[in-house]
Each structure stands twice: as structure tokens, then as C-alpha cells.
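Subject: Structure handover

Dear colleague,

Here is the structure for your work. My notes on what was found in it follow below.

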Amino acid sequence: MSYSRLGMLLILFVLILPWMLSNPASSDPSESTTPGFIEIAAIPGSADDTERIQQAIDRGVGSIRFSKGTYRISKPIEIHLNRVGFTSLHGEGVARIVMTGPGPAVRWIGTHGGTAAPKTVKEEVWDRQRTPLMDALEIVGQHAEADGVEAHGTMQLTLSRMTIRKCRHAVHLIDRNRNVTLSECHIYENQGVGVFLDHLNLHQINIANCHISYNAGGGIVSRHSEIRNLQIGTCDIEGNMGDENAPPSANIEIDGSESSIGEVTIVGCTIQHSHVANDSANIRINGIGTLQKFTDELRHGHITIADNILSDVQTNIELINSRGVTITGNTIWKGYNRDLHMENCKDIVLANNAFDRNPRYHYGDGTEAKQGILIQSCQDCSLNGNLITGTQHKTAAVHLIECDRFNITNCSILEYGQCGLQLENVSRSRISDCLIDQQEQSEVTPSIRILNSNKNMLRDNLLGGSIEDPQNSSNAAGNEFLIMN
């Protein structure tokens, strides 16, 4: 060999040596390493792939790609972001992880302890931890206490195109996380909660374009947590409750007990099923907050529920101890107990909703689904432009009890059965420009009934029945009656 050729080979060896040292060839034939990512291959018949997956992550290469096949693990795969650096897991829609032991299949662990404000984020988070990502993987539980994904201390956790089923909790967020995105995921048939915000401090979480269905402990549930900026949009959320013997559950439950909640948006979702479950609800919000007491007002809120489809549960919307809530543009039907129940709320806007008893949907003997609106101990609320039709309650289609300063305008209350609107211990309220009528009307079934109330005004309503006010307690003028003699 000439000296010139030998020199060229030495130069080439010197150039490629650093790359060879930084990218050692894997001794595992089921694993291949390319600069920037590791690809793991499934081993048919493997009983436990936990250690080789954990070892691949601990190498800190960054991107872990799972080839087509099934990967069985018996304990959580833990990703300590500050130790291993930026990490993402990818399955391309063809990889399945089966969790055969207790705990989460994947546990993300970060060190972010700040808020969502940039000045509170440590450099180690930006340099090693930001945006942990899981994409296009399926996780299946095969243990009673197997969970899907768990996260602590993360910044910008993103879960996309995931399928998580037959686990206990599918996505379990605890401690502190910030800026979480969950999109295009299928959270299906889990024994516990679909997306569980549990003893969590979390601001900024977006849940979008997901199917969250048949999770026996609830669809999206927040308990004992400080939650701000929770956005739920364009999701299909159905059947997230157990049978008639299961504890009360809801498709969306935000519990303010020992919590702090606010700035919640639920928009453009289909939220349904099942009325046979005990005390089931599509949306249940208890806004009482005790984690942070800045003033004597403990009711939290600033919540928007808009443009959703809600049906087929005991109570479609249950709003307790809340304030600053807007409920607009929703289509609501088949609340077997009530379509809407509000209690101890303040500053609520209920506008332009359709509460409809469509005969196309079966209601048994016609009395099974009672529907209707019950509002108790609430103040300073506006009901405008709502259509309420086909209720079967023995009291009234819209029933206000111990309420103050309500403005009810431009509503249509139709085919209401016993009574259209009942005011009981209501004061300083105005009912105007409403149409309250039904096809088969008589003086026996009043359009408006007023009991033990005072300082109310009834003006310019069109009524198919009478105003029943035995104490003559309201200022009524300009009302037109359609009663046929």
C-alpha cells in the first residue's frame, strides 16, 4: 500500500472516530441506533421488554422509535428528563405496549417547579426537559392497577395520536405540570378515569379532538387540584360512568372541594350517556374553592360551556357553588332528572340554548325522562333566548327557588305539562317578552306560578295559560293570554 493511500485512511479514521465513540453499535440485535434516535424492534414471544426499553431511554439518545409489534412491560418505564435530556416516544400507529404490572406504563418525571410564566422556568428545563412527547402509541393494561401515562413536574408535555385502553387511569397528571397538550387521542374502556387531574397544580392544558369514552370512573375529572386555563374542545366524550351500582360519575367533572378552579372552556363537544348510571351527569362542576382564599367569596368560576351536544344522562349540566359562568348555544335533551341544575351560583348567563324533547329519540312511556331546569339559591343571573320544550316535571319546566335578581327574557317555554315557569321565594326579578304555551292548554295548568315571592315584574309575555299568583305579589302588565273559552 502506498504511503499516500495509508495517509488517506488514517485521516478518514481520525474523522470518523468521534462519531463511532458517540454512537456505539448496539449489542442488542433488536435495537438499532442512528444519530438522534434509537429504533426498538419487537421480539415475538418476549415475556418482558421492560429492561431493554428502560436501558434505551437511559442512554439519552432522545427519540425512541418502536417498530410494529407488541412490547410487554411489568413495571413503569421512567423517564427522568433532567438526567436523560429531551426525550420522545414514537410508535407510528403500529406499536403496542402492554402493561402487565401495577403503575403507569410510562412515567414522565421533570423538575419544573415554576408557573407558566417564562421567568419562572429554570434553564435546566429549557436545556434538557421541555416538550416531552408521546405520539402514535397504543397502551393496553393487563393489571387491575395498571395506568397508561403519568406525569410529574413536566413543562409542555404533549400526548398525541395515542390509544390507551383497559387501564385503570389512562392519563394521570399529579403534583405540578404546566402547558399540557392532549390531542387526537383515543382514551377508551378504562376502569378508572380517562384524563385524571389529581392533586395537581396545572395552568394551561388543552384537550382537543379526542375520543374519551367508556371510562368507568369519569371522562375528564379534576379533584383536589389547582386548575387554570382548562380548554376542552371538539371532543367526543361518551359513556364515562359505571352501571347503576357504581358511585356517581360524570363525563366531565370539575370538583372544587379542597381545590381552586377557574378559566375553564368546554366548547364544541358531543357529551352523552348513560342515564342508567347512578346520579350521572354530562358536565358536573362544583366551584367551591378552599385552596386559595383571597376574599370571603369562595365560589370559583369564569367558565364557558358553549356549542355542545349534551344528552342521555340523569342531569345534563350540574352547576354548584359557581360564579361567572356562560352557558350558550348548546343543544340539550334527555336529562332523565334535569337538563340543568344550578345551586348557590351567581352571575350566570344562560342564553340561546335548545332544550328539546325530540320524539325521534325514544323516551319510554313518555314520562321517564323528565328534563327541565331547576335553579336554587342563585343570584344575579340572566336567562335569554332559550327554547325549553317537552318537559315532564310535575312542578314546572323552569323552577326557581330562593333566587334573587333574575332577568328572564325572550324565552320560549312550550309543551311544559303542569306549569311553564314557577317562582318560589323569588325576589327582584323580571320576566318579559317570553312565550309560554302548549298545544293542549287549560286554566288548570298555569303558564306562570308565583309562590311566596315579592318585588317581581311580569311584562309583555304571551301566555297560553294563566298567571297563578295567590298573594298578588308581582307587578304584571301588558301580558297577553291565549286561553280559549
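Before the rest, the conventions. This is a predicted model, in which local features need pLDDT of at least 70 and side-chain atom pairs count only at pLDDT 80 or more, while totals for chains, interfaces and linings use all residues. Residues are numbered from 1 along each chain as its sequence is written, and side-chain values use heavy atoms, with hydrogens and water left out.

Confidence: pLDDT is the predictor's confidence in each residue, from 0 to 100. The chain average is 90, and 88% of the residues score at least 70. Residues 14-26 have a pLDDT below 50, and beyond near neighbours in sequence this stretch makes 6 contacts in the model (contact: heavy atoms within 4.5 Å). Where pLDDT is low, the predicted coordinates should not be read in detail.

Helix α2: this helix covers residues 50-58. Helices (H or I, at least four residues) and strands (E, at least two) are DSSP runs, numbered from the N terminus. The buried residues of α2 are T50, R52, I53, Q54, A56 and I57; buried means under 20% relative accessible area, exposed over 50%, and partly exposed in between (1.4 Å probe, protein chains only).

Strand β39: in residues 456-459, N456 and L458 form the covered face, and M457 and R459 the uncovered one. In a regular strand the side chains alternate between the two faces of the sheet. Two strands pair if DSSP finds at least two bridges between them. β39 runs parallel to β36 (residues 430-432), with 3 bridges, and R430 stands opposite M457. β39 also pairs in the parallel sense with β42 (residues 474-477), over 4 bridges; there the bridge partner of M457 is N475.

S427 counts as buried because its relative accessibility is 18%. Leaving out residues up to four places away in sequence, S427 touches C403, D404, R405, N454, K455 and N456.

Backbone points to check:
- The peptide bond from H273 to S274 is cis, with omega near 20°.
- H273 is in the loop between β21 and β22, and its phi is positive, near 70°, although the residue is not glycine.
- H273 counts as partly exposed because its relative accessible area is 26%.
- H199, in strand β14 (residues 195-208), is not a glycine either and has a positive phi of about 50°.

Regards
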